[in-house]
Amino acid sequence: MADLSQPKIPFATTPDDHLNRLLVDDVEAPWYKSFVQNIKDAINPPKLPPLEVTSKPVAVKDIWGLYGRKKKSWLMSTGFQVTAVTLVLILTAVKPVQDKVKEAVTLVMPIDLAPPDLPPKQQVMQGGGGGGDRSPLPAAKGRLPKFALKQFTPPMQVVQNMNPKLSMDPTLIGPPDLKLPNVNMDQYGDPLAKIGPPSNGPGSGGGIGSGSGGGIGSGKGGGFGPGEGGGVGGGVYRVGGGVTAPALLSKVEPEYSEEARKAKYQGTVTLYIQVDPTGKAINMRVLHSLGLGLDEKAMEAVKKWRFKPGTKDGKPVTVEAQIEVNFRLL
């Protein structure tokens, strides 16, 4: 009896028979047919049915955030900005903030600062002064008065006021222990001048000589000699060679000029000054100008500053320096 549970095996069981069954008849049209069809499609392309869109729009997040395009949201945003600007203006109006803004950054820069490893350079006595009362005659020979840090009465050879309310000995500005070769004469005068009729000299500002400032000589200031700023010689001391720099003790804040404030002008004024033995700024001039009244405001403030004077061999002397006064606006 035949086993019906076993599958029947086809008659053709060779590999070629299986391959022929897998291949589909006429899979690919002949090349000449496809060539002709492409030419027809190029000349008269077939009309396609209209495109049917089956997609639907999807809602996305509003670009205006949580508030949307509402008038309320615009008012809130504007209100926050106005509040922030108002707070800034209120803070800048507070006096401590204004004082901090007005504060000028100052820098005392002594000129010709000698490096520490260089040997001390030799310096001669410097400074000087002059005076006179515009007399047509030159100053006559005489002795020098004493030196002091402050001058209350300038020396005179011809006394104009014979009965002063307060009589004080005349002095020259300089270190009190400064000793100079002097002449043995009863009258005050220029020890380097020639003997002649008594005269205070053609200078101005009191004192004796052809200069100005209450000293003796041809210089400018309350000292003696052709220089300026007090003391003796032909100039002022510079830092180095045993001369120390002056140091700022107190200052007055400079004010802004109205012209510069309206123009919102800013910058730095650089001043040349000489710090005398009393700690005051004298013989001031502008090295770097800003204009619009700021130069004058800077000089007005620096004149009120007080310094610890520079010293030479432990004694206060007149030392030159530079000051930078910065003007800044918010």
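These notebook entries record what I looked up in a predicted model of a protein chain.

**Entry 1: ground rules.** I noted that residues are numbered from 1 along each chain as its sequence is written, and that side-chain values use heavy atoms, without hydrogens and water. In this predicted model, local features need pLDDT of at least 70 and side-chain atom pairs count only at pLDDT 80 or more, while totals for chains, interfaces and linings use all residues.

**Entry 2: the whole chain.** I found six helices and 15 strands in the protein chain; these are DSSP runs numbered from the N terminus (helices H or I, at least four residues; strands E, at least two). Of the 330 residues, 30% are buried, that is, under 20% relative accessible area with a 1.4 Å probe, counting protein chains only.

**Entry 3: aromatic pairs.** I searched the whole structure and found two aromatic pairs. Rings of Phe, Tyr and Trp (its six-membered ring) pair if their centres lie within 6.5 Å; planes under 30 degrees apart count as stacked, over 60 as edge-to-face and the rest as tilted. The ring centres of Tyr 256 and Phe 327 are 5.5 Å apart with planes at 85°, so I recorded this pair as edge-to-face. Tyr 256 lies in the loop between strand E9 (247-250) and helix H5 (258-263) and Phe 327 in strand E15 (residues 319-327), so the pair ties together parts 71 residues apart in sequence. Both Tyr 256 and Phe 327 are buried. For Trp 305 and Phe 307, the ring centres are 6.4 Å apart and the planes at 50°, so this pair is tilted. Trp 305 and Phe 307 are also buried.

Terms used. Buried < 20%, exposed > 50% of the residue type's maximum accessible area, 1.4 Å probe, protein only.
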